[in-house]
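Here is my note on this chain, point by point. Please keep the structure open beside it as you read.

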Amino acid sequence: MKTILFFILEQYADWEAAYLSSAVNMLGQGGFEIKTVSLAREAVMSIGGFKTIPDYDIYSAPEDYEALILVGGMTWRTPEARRASALAADCFKKGKILGGICDASAFLGTAGLLNGVRHTSNDPDDLKQWAGEFYTGRSLYVHKQAVRDENIITANGTAALEFAREVLLALKVASDDKINDWYNFHKLGYYCAAMPEMQ
């Protein structure tokens, strides 16, 4: 069983996690398990009002996992969120799959983890302003919904499906065809994806 860690903070964007986690469970055929990590073990409330009790805090997170996914939300810019940097940096150093979406993608920039890979975020100017001297990768910024380079996956806040697809492909959760079929079904809708002849 391969573990995927989802890092969530207070006011996390639940929909950014839901597409990916549900696809892992549906397409992965029991080969993966989803676990949540936060700064502490206390319940975390999502933007949508879901209360989640994390499986781990930053001190008890397992070392054996396949991917660390930083879920976007409203509190990545708080001083407390900086405590997640060590876990992200350790994931990066070990060459594991590391993903960040919305403000969590820019958070990776504040940790100096986007300087050598192609990446995206919500806005390059905001990323540079927030990350300051820790971010020197502006020339590698790509204006796309989601970008995967080596084991780093980033996306803007409107790209939950694109982000999920890139993570699923990186993890090899299923065949590329099955992953792309899943993506098209959710992106295009039932009638366009399942019955293209009716267009």
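1. **What you are looking at.** This is a predicted model. The chain has seven helices and nine strands. Its C-alpha trace spans about 50 × 35 × 30 Å along the principal axes.

2. **Overall form.** How does the radius of gyration fit a compact globule? For 199 residues, such a globule would have a value near 16 Å. The chain has 16 Å, so the two agree.

3. Of the 199 residues, 49% count as buried. The chain exposes about 9600 Å². Carbon and sulfur atoms supply 51% of that area.

4. **Charges.** The chain carries 19 positive and 25 negative charges. Their mean positions are 3 Å apart.

5. **Helix H2, the buried side.** H2 covers residues 85-93. Its buried residues are Ser-85, Leu-87, Ala-88 and Cys-91. Why do they count as being on the same side of H2? They cover an arc of only 165° around the axis, and therefore they share one side of the helix.

6. **What H2 packs against.** The buried residues of H2 meet several elements. The strands are E1 (2-7), E2 (32-38), E6 (67-70) and E7 (97-101). Helix H3 (103-110) is a partner too.

7. **The other face of H2.** Which exposed residues sit on the face turned away from the buried side? They are Ala-86 and Lys-93. Just after H2 comes Gly-95, with a positive phi of about 75°.

8. Leu-70 lies in strand E6, and E6 is one of the elements that the buried residues of H2 pack against. Is Leu-70 buried or exposed? Its relative accessibility is 1%, so Leu-70 counts as buried. The cut-off for buried is under 20%.

9. **The neighbours of Leu-70.** Leave out residues up to four places away in sequence. Leu-70 then touches Phe-7, Trp-76, Gly-99, Gly-100, Ile-101, Ala-104, Phe-107 and Leu-108. Now look at Ala-13, which is 57 residues from Leu-70 along the chain. The C-alpha atoms of Leu-70 and Ala-13 are separated by 10 Å.

Definitions and conventions: Residues are numbered from 1 along each chain as its sequence is written. This is a predicted model: local features need pLDDT of at least 70, side-chain atom pairs count only at pLDDT 80 or more; totals for chains, interfaces and linings use all residues. Side-chain values use heavy atoms; hydrogens and water are left out. Helices (H or I, at least four residues) and strands (E, at least two) are DSSP runs, numbered from the N terminus. The radius of gyration is taken over C-alpha atoms; the globule rule is 2.2 Å times the number of residues to the power 0.38. Buried means under 20% relative accessible area, exposed over 50%, partly exposed in between (1.4 Å probe, protein chains only). Accessible areas come from the Shrake-Rupley method with a 1.4 Å probe; for residues, only the protein chains shown count as cover. Lys and Arg count as positive and Asp and Glu as negative; His and the chain ends are not counted. The place of a charge is taken as NZ of Lys, CZ of Arg, CG of Asp or CD of Glu. The arc is that of the directions from the helix axis to the C-beta atoms. Contact means heavy atoms within 4.5 Å.
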